[in-house]
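Thanks for coming, everyone. I would like to walk through one model with you this morning, so please have a look at it before I go on.

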Amino acid sequence: MRGQAILERSRGIPNYINGFMRVLEAEGAEIVPTVAANKGPGGFSSWLTTECFDKYSYEIADALKAAGRLDGVLLALHGAMAVTGVPRPEAELVRRVRKAVGDIPIMVTLDLHANEDQEMADAADAVFILKTYPHVDSQETGEIAARCMVETVRGNFKPAMACRRPGIISASIYQASEYHPMKDIYDRCREWEKKPGVYCVSVAPGYAYADVVDAGMSVFVVTNNDRALAEEIAQDMSDFAWSLRESFAEPLPGAEEATKMAMQLAAEGKGPVVIADGADRIGDSTHMLKELLRQGAKNWGIPGITDPKAAAWLEENAKVGDTVTVKIGGWYDENSGEPVEVTGKVSFMGRPIYKLIGPMGKGATVRDAFIATIDLGDNRHVVVSQRMRGANDSAGFTAAGIDYTKLDIIVLKDRVHHRAYWDSVAKVDIRTSVPGQGPSDLSLLHYENIPEDIYPVGKKWRK
Ligand SMILES: [Zn+2]
């Protein structure tokens, strides 16, 4: 996306760009939008080619150069980009922008899944990172960055920044901002931010499913012209995070145990229970489905088992009301488990279009590819879907013809984002360690590029 279209698309949507716009427009600044490009999120992404990175980074730099005299540059980045042949691509992007615009402030916003280090701190004048996962403060983070920019351009503020790397890499499922250990970390950030002269204290737990040289947690502190204070706070936050490192690698139940726990809780009237099968990035994993069937659980729903072939077969050969027997899931790789044969009545078929109702993406329209809901009896429901299909709020169930209010066990192929909605419905959220492309147990992954001393899976820590 190029030019004004970027602003038009973001207006009124709670994202970084809208945060920039709200502050800059109120201050009467002229905004020169350049280029917006993204890959994903959702499902699976992969390494970008050097050519792809070059194309967009130079296009951004050239557009800025062509914009005439600028007072500053705001970059809304993510931070977990992985590029073949370009280590630390976000820092490289900032350096390319710097070359184009010269010595004016460059400020960067990042997702908390960012993998960054000192190179970013050296390249940019200020870095601001989300503090919520589920991510609900993108606009606020954009506003924080834009306000800093305005005050800096006016000469009222002089950003001084410090960066630390605590040396921890963690699976996303351990990073929910409202729970230990990230809650403790963000509470401490906010405490520090009350101190005069401290503008913003950020901690990104990072993204463990990118095998890059700067994978893992980072701390960025921005003060008003007080480098020593920034260094002191960054060190304190880094030490504090390190003291909590074991909480980022706490053992979690597997599929068998999670199912047992959920059934027990349901039997005690402590349902509904959400089971977060966060490792499944394709949606085809059958480990949870298999256990629910094997242990005879009742009153459960899975809003999506991705299986394009089974979905196509159902569309071709079945109609609502038919009883079908079909093998589903377990086709992507050895982590996904075996295909599971299910027999039940088709209760819904189609390509529903619906709006999200939860705090994450509220009002956004979802257009499902083909889905078929199979009612297995005993109030057990599984949706076979052509594409990866989640349900970060109940709309994903309702659209598939499932009454989520009658379920005891809700299995979601998600890590944390679902909690923005489901924590208000379910009494318990069970995090799991189930095989998959993004396992919570990082020792199952083969890393080649992450720092050797990073806890708990750098070379130094491996037996
Ligand atoms: Zn994120």
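The open sheet here has three strands in the order β1-β2-β3, with parallel pairing, where strands are DSSP runs of E of at least two residues and helices are runs of H or I of at least four, numbered from the N terminus, and two strands pair if DSSP finds at least two bridges between them. This is a predicted model, in which local features need pLDDT of at least 70 and side-chain atom pairs count only at pLDDT 80 or more, while totals for chains, interfaces and linings use all residues. Residues are numbered from 1 along each chain as its sequence is written.

At the edges of the sheet are β1 (73–76) and β3 (126–129), each of which pairs on one side only. Between β2 (residues 106–110) and β3, the parallel pairing runs over four bridges, and L110 stands opposite I129 in β3.

Turning to the helices, α3 (residues 50–66) packs with α4 (residues 89–101) at an angle of about 30 degrees, their axes 8 Å apart; axes are lines fitted to C-alpha atoms, for helices over the stretch in contact, and angles run from 0 to 180 degrees between N-to-C directions. The two helices, α3 and α4, are therefore roughly parallel to each other, a term that applies to angles under 35 degrees.

As for confidence, pLDDT being the predictor's confidence in each residue, from 0 to 100, the chain averages 96, and 99% of the residues score at least 70.

Notes: Angles under 35 degrees count as roughly parallel, over 145 as roughly antiparallel, 65 to 115 as roughly perpendicular and the rest as oblique.
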